[in-house]
Amino acid sequence: ATAPAYLSVWNIESYYGESYIVQDVSFNVHEGEILALLGRNGAGKTTTLRTIARMDNPELRHGEIWLDHKPLHKMKSYEASQAGIALVPEDRRIIPGLTVEENLQLAQIAPPIGWSLERIYELFPRLGERRKQDGVTLSGGEQQMLAIARALARDIKVLLLDEPYEGLAPVIVQEIAKTLSIIRDQGITTIIVEQNAVAALKLADRAVILDTGSVVYDDSAQKVLEDEKLRAQYLAI
Ligand code: ATP
């Protein structure tokens, strides 16, 4: 028997103005699972993440999104955030002029407060070592760690990661992947959108592949790694 879905995306249709981008997409994510959301450039991955996080743009015109029995489709972005959704965008949004620690503390101003700084520094020792350093002077990999850590500093249930490996050296990708699997083991549910599909598939439990705004695959991540034809057709790898 399969566990009931924790996050359920059901027949969603999202628009930027009159552009119909996410076209009747459905998938489930189980609690404590890492789902890789993959597909070529322009397939609609970022738009799907932004829809789940209930950003003002794109506009969700049809469908439902449920998080642990709560109707996200009826919420504004701040309500989705309070319900436990955290979107870590591609550009990371580290606040200049603030130290690593101040970036984390800022996330903890409003309740519900999540992980303590001690717990965060235990998971990301590099951030602990650099806690007094201006956040924007960190390396790309460290900035990505800070962006993830800042999400954990709030009380989140679901982590939506948009291209977390972008521009990072393979050794740093490995380090972040290891951290993400520890975060999963601590009960956080994750959706990862990533151009580096192989790295995402190695980390993920399951994969959903989008092509021109529709789901073309929803099954184990391992099977995608083993299926050359599928990879060539939809991922160009
Ligand atoms: P990529 O990896 O290239 O970011 P993606 O799968 O994340 O690809 P999206 O960013 O979701 O794709 O974009 C899907 C489509 O929506 C593209 O055709 C894109 O041009 C369009 N789009 C994205 N953002 C906007 C916007 N703000 N206004 C209008 N159209 C947009």
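Analyst: In this predicted model, at least two residues of the lining of the second largest pocket come from α7 (170-185), and at least two come from α8 (197-203). Of the elements, α7 gives the most to this lining, namely 4 residues. The residues that line the second largest pocket are P170, V173, Q174, A177, N196, A199, K202 and L203. Sorted by class, this lining has 5 nonpolar, 2 polar and 1 charged residues. The space in the second largest pocket amounts to about 160 Å³.

The largest pocket provides the context. Its volume is about 730 Å³. A total of 29 residues line the largest pocket, and those closest to its centre are S81, I85, A86, L87 and R154. Two or more lining residues are given by each of α1 (45-52), α2 (77-82), β6 (85-88), α3 (100-107) and α6 (140-152). Among the contributors to the lining of the largest pocket, α2 gives the most, with 5 residues. By class, the lining of the largest pocket has 17 nonpolar, 5 polar and 7 charged residues.

To return to the part requested: the lining of the second largest pocket includes P170, V173, Q174 and A177, as well as N196, A199, K202 and L203, and α7 remains the element that gives the most to it.

Note on methods. Residues numbered from 1 in each chain as written. Predicted model: local features only at pLDDT ≥ 70, side-chain atom pairs only at ≥ 80, totals over all residues. Heavy atoms only, no water. 1 Å grid on protein atoms, 1.4 Å probe; cavity = no way out; pocket = protein on both sides within 12 Å on 5 of 7 lines; lining within 4 Å. Points joined across faces, edges and corners; volume = space filled by probe spheres on them. Nonpolar A, V, L, I, M, F, W, Y, C, P; charged D, E, K, R; others polar.
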